[in-house]
Amino acid sequence: MNDPIRRARAAWLFLLLAAPVQLIGTTLAMVAFPEATWTKVGFGVAKVLLMLAPVVWLLKVEKVPIKIPRWSNRGMLWAHGTGALIFTVIAGVYYGFAHAWTDPTVMLEKVRQFGLDRIGLYLLGALYWCTINSMLEEYFWRWFVYERLRDVLPTSLRGKAVGVGLAVFVCGLLFTAHHVVALSVYFDAKTTALASLGVFIGGVTWSWLYAKAKNIYAAYVSHVWADVIIFWIGWQLIFGGG
């Protein structure tokens, strides 16, 4: 699709249709109808469709071949640097003061409902989130949503720092939205606000990394650092007494 106007229209359509799916699914399954089976099934189906949507869109709408990016070391210094920084900040905030005013009671009850208070299941979940899920999120939010955001920016902004910055910021906001809903189910308002700010900073950082390095694996590596410390803190809360 070489026509920039048609490409921008297609990008707008995809963003309007696909970007809110995870937010809607999370809200229905975790807030509006938390006891309903259909919302849980729908949440899973929506997540699968979300992963398939970019592939179908590229083949059927933009009509371009699918190319799996080869592993590249481009941007890896920044990836590990930002990842280690995020890891340190999360650990510092939590162990420095947040653990003292975080009430894990509601979270622990929700965890028990899902069976994640069993060590084996928790470790499997952590392994999935720290490897596969983080890659899927980068695939959707950075490799596809960020690129579509660049397509809908005014032509005068493309290729300039302000245009990249706007796409990075909006991509970070969209990435954060469904996390805010999920966090609010497990934590009080103060903890949710703090954790949501952390998610937003992560989303902006990974979008910036992708924009800088043009390498989805750089964003992925930085993302994994964050997930590792989050699941370590989760382990402490569930199995270590807080």
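View 1. Val41, Val45, Val48, Leu49, Leu52 and Val56 form a nonpolar surface patch of about 520 Å². Areas are Shrake-Rupley values with a 1.4 Å probe. Leu52 sits in helix H3 (a DSSP run of H or I, at least four residues, numbered from the N terminus). Leu52 is partly exposed at 46% relative accessible area; buried means under 20%, exposed over 50%, and partly exposed in between.

This is a predicted model, where local features need pLDDT of at least 70 and side-chain atom pairs count only at pLDDT 80 or more, while totals for chains, interfaces and linings use all residues. Residues are numbered from 1 along each chain, and side-chain values use heavy atoms, without hydrogens and water.

**View 2. The largest nonpolar core.** Here 41 residues come together, with Phe140, Trp143, Val145, Tyr146 and Trp206 making the most contacts inside the core. Such a core joins buried Ala, Val, Leu, Ile, Met, Phe, Trp, Tyr and Cys residues through side-chain atoms within 4.5 Å. Helix H6 gives the largest share, nine residues.

**View 3. Around Trp143.** Beyond its neighbours within four places in sequence, Trp143 is in contact (heavy atoms within 4.5 Å) with residues including Pro54, Leu58, Tyr210 and Ile216.

Terms used: Buried < 20%, exposed > 50% of the residue type's maximum accessible area, 1.4 Å probe, protein only. Helix = DSSP H or I, 4+ residues; strand = E, 2+ residues; numbered from the N terminus. Patch = residues over 30% accessible without salt bridge, like charges linked within 9 Å, V, L, I, M, F, W, Y side chains within 5 Å. Salt bridge = Lys/Arg side-chain N within 4 Å of Asp/Glu carboxyl O.
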